[in-house]
Amino acid sequence: MMPWILAALGLLILLLAGDALVKGAVNLSLRVGIPALIVSLTIVAFGTSAPELLISVNAVLDNKPGLALGNVVGSNTANILLVLGVPAILSVLHTSTCNTRKTYVFMLIGSILFIALAFLGEFTLVSGLILLAVLAFVLTDAFLEAGRHRRETAALALADAEEDEDIEGADPDMPWWQIVVFLVLGLIGLPLGADLLVDNASIIARQYGVSDTVIGLTLVALGTSLPELATTVMAALRKQADVALGNVIGSNMFNLLAIIGITAVIGPIPVDPEFLQFDLWVMLGASLLIVPFVFFRQDITRLWGVALTGLYLIYVFVVLS
């Protein structure tokens with residue numbers, strides 16, 4: 001019974017940590033005067049990508065570099081299809097109000113660059129440095145945009161404060177210490193909860209005779225996407241679509257640029273030919289599916305949520321068959 005209890009505890013920690021991180025991120029954006037989208041693209045995205053980073057680095061150090069690549073590619077596919085799909089089923093994501101065009105283009109450029117480097121057959125030190133350089137450019141642009149936004153909205157501070165009162169969980173007067181506590185609890189709780197859930201779900205799976213290969217293909221990629229899922233679910237329930245969409249786009253960029261970049265600097269990552277034939281293209285195709293929500297300002301409705309989630313289940317079925 002202990003693995004079941006610990007798995008349930010991991011799920012509870014994930015949900016609570018996701019809620020804390022959303023609260024902290026939204027109120028941080030209010031206090032410093034920058035869009036919640038930018039906060040979700042940086043602090044939230046980095047926090048929810050922590051499990052992928054830990055698993056990928058450990059995989060290279062343990063001489064299992066293939067796991068690092070599979071983890072990132074699988075997680076990015078899950079982030080688009082599952083992490084946006086499930087929350088949309090629970091509550092419509094009003095992404096029509098979000099301006100994510102530039103960051104989405106950055107994510108697509110990062111995906112194409114990642115695939116191009118993969119076709120070289122191996123992610124080397126040079127590949128890692130290239131990915132990290134692109135990440136530095138993206139983050140610099142985000143911080144410059146945050147500075148521009150602060151200057152533009154300085155004269156409208158009162159109006160913004162009145163408008164923010166309508167956002168659930170937003171408190172313009174929340175003290176700094178409380179914001180920091182929410183962020184720290186979220187950033188620590190998400191990888192902890194994911195680790196508890198994945199480890200104990202693996203134990204349960206082995207008890208029922210499921211092979212290590214199946215566990216790795218499903219639980220590892222899915223498990224490391226759980227922080228994004230928990231954060232996005234809570235953001236959807238709090239009607240904060242900018243945090244939800246920004247978290248997914250930011251996490252995917254961090255996975256491709258930061259995690260593989262850092263991991264490739266530590267050690268080379270050979271690319272399995274199967275990734276070049278199928279998985280990388282599924283990842284890119286999933287990324288292109290959200291074009292209507294980014295460029296044509298459509299909401300992610302419950303019907304879209306069912307479709308995205310269904311596509312992920314089909315993908316898992318094909319991988320396991």
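Reader: Starting with S127, is that residue buried or exposed?
Author: S127 counts as buried at 4% relative accessibility, where buried means under 20% relative accessible area, exposed means over 50% and partly exposed lies in between, computed with a 1.4 Å probe on protein chains only. Please keep in mind that this is a predicted model, in which local features need pLDDT of at least 70 and side-chain atom pairs count only at pLDDT 80 or more, while totals for chains, interfaces and linings use all residues. Residues are numbered from 1 along each chain as its sequence is written, and side-chain values use heavy atoms, with hydrogens and water left out.

Reader: OK, and where is S127 found?
Author: S127 is found in helix α6; helices here are DSSP runs of H or I with at least four residues, strands are runs of E with at least two, and both are numbered from the N terminus.

Reader: Which residues is S127 in contact with, leaving aside its neighbours within four places in sequence?
Author: With those neighbours left aside, S127 is in contact with L117 and E122, contact meaning heavy atoms within 4.5 Å.

Reader: Switching to charges, how many salt bridges does a search of the whole structure find?
Author: The search of the whole structure finds 1 salt bridge, a term for a side-chain nitrogen of Lys or Arg within 4 Å of a carboxyl oxygen of Asp or Glu. D141 and K102 form a salt bridge, and their closest N and O atoms are 3.5 Å apart.

Reader: Which parts does that pair tie together?
Author: D141 lies in helix α6 (residues 125–153) and K102 in helix α5 (residues 101–118), so the pair ties together parts that are 39 residues apart in sequence. D141 is buried at a relative accessible area of 17%, whereas K102 is partly exposed at 37%.

Reader: Since you mention α5, at what angle do the axes of α5 and α12 cross?
Author: The axes of α5 and α12 cross at roughly 175 degrees and come within 10 Å; axes are lines fitted to C-alpha atoms, for helices over the stretch in contact, and angles run from 0 to 180 degrees between N-to-C directions. The two helices, α5 and α12, are therefore roughly antiparallel to each other, given that angles over 145 degrees count as roughly antiparallel, under 35 as roughly parallel, 65 to 115 as roughly perpendicular and the rest as oblique.

Reader: And which residues in α5 and α12 meet?
Author: Y104, M107, L108, S111, F114, I115 and A118 of α5 meet L276, L280, W281, M283, L284, S287 and L288 of α12. The residues of this contact divide into 12 nonpolar, 2 polar and no charged, with Ala, Val, Leu, Ile, Met, Phe, Trp, Tyr, Cys and Pro counted as nonpolar, Asp, Glu, Lys and Arg as charged, and the others, Gly among them, as polar.

Reader: How do α12 and α14 pack?
Author: Helix α12 (residues 273–288) packs with α14 at an angle of about 170 degrees, and their axes are 12 Å apart. F278, D279 and V282 of α12 make the contact with Y315, V318 and V319 of α14, and these residues divide into 5 nonpolar, no polar and 1 charged.

Reader: What about α4 and α14, at what angle do they pack?
Author: Helix α4 (residues 65–90) and helix α14 (residues 302–320) pack at about 140 degrees with their axes 7 Å apart, and they are therefore oblique to each other. The residues of the contact of α4 with α14 divide into 14 nonpolar, 4 polar and 1 charged.

Reader: What does P3 touch, not counting residues up to four places away in sequence?
Author: P3, whose place is in helix α1 (residues 2–32), touches N200, I203, I204 and Q207 under that exclusion. P3 counts as buried at 15% relative accessibility, and the C-alpha atoms of P3 and D199, which are 196 residues apart along the chain, are separated by 8.6 Å.

Reader: Last one, what does the secondary structure of the chain come to?
Author: The chain comes to 14 helices and 2 strands, and 51% of its 321 residues count as buried.
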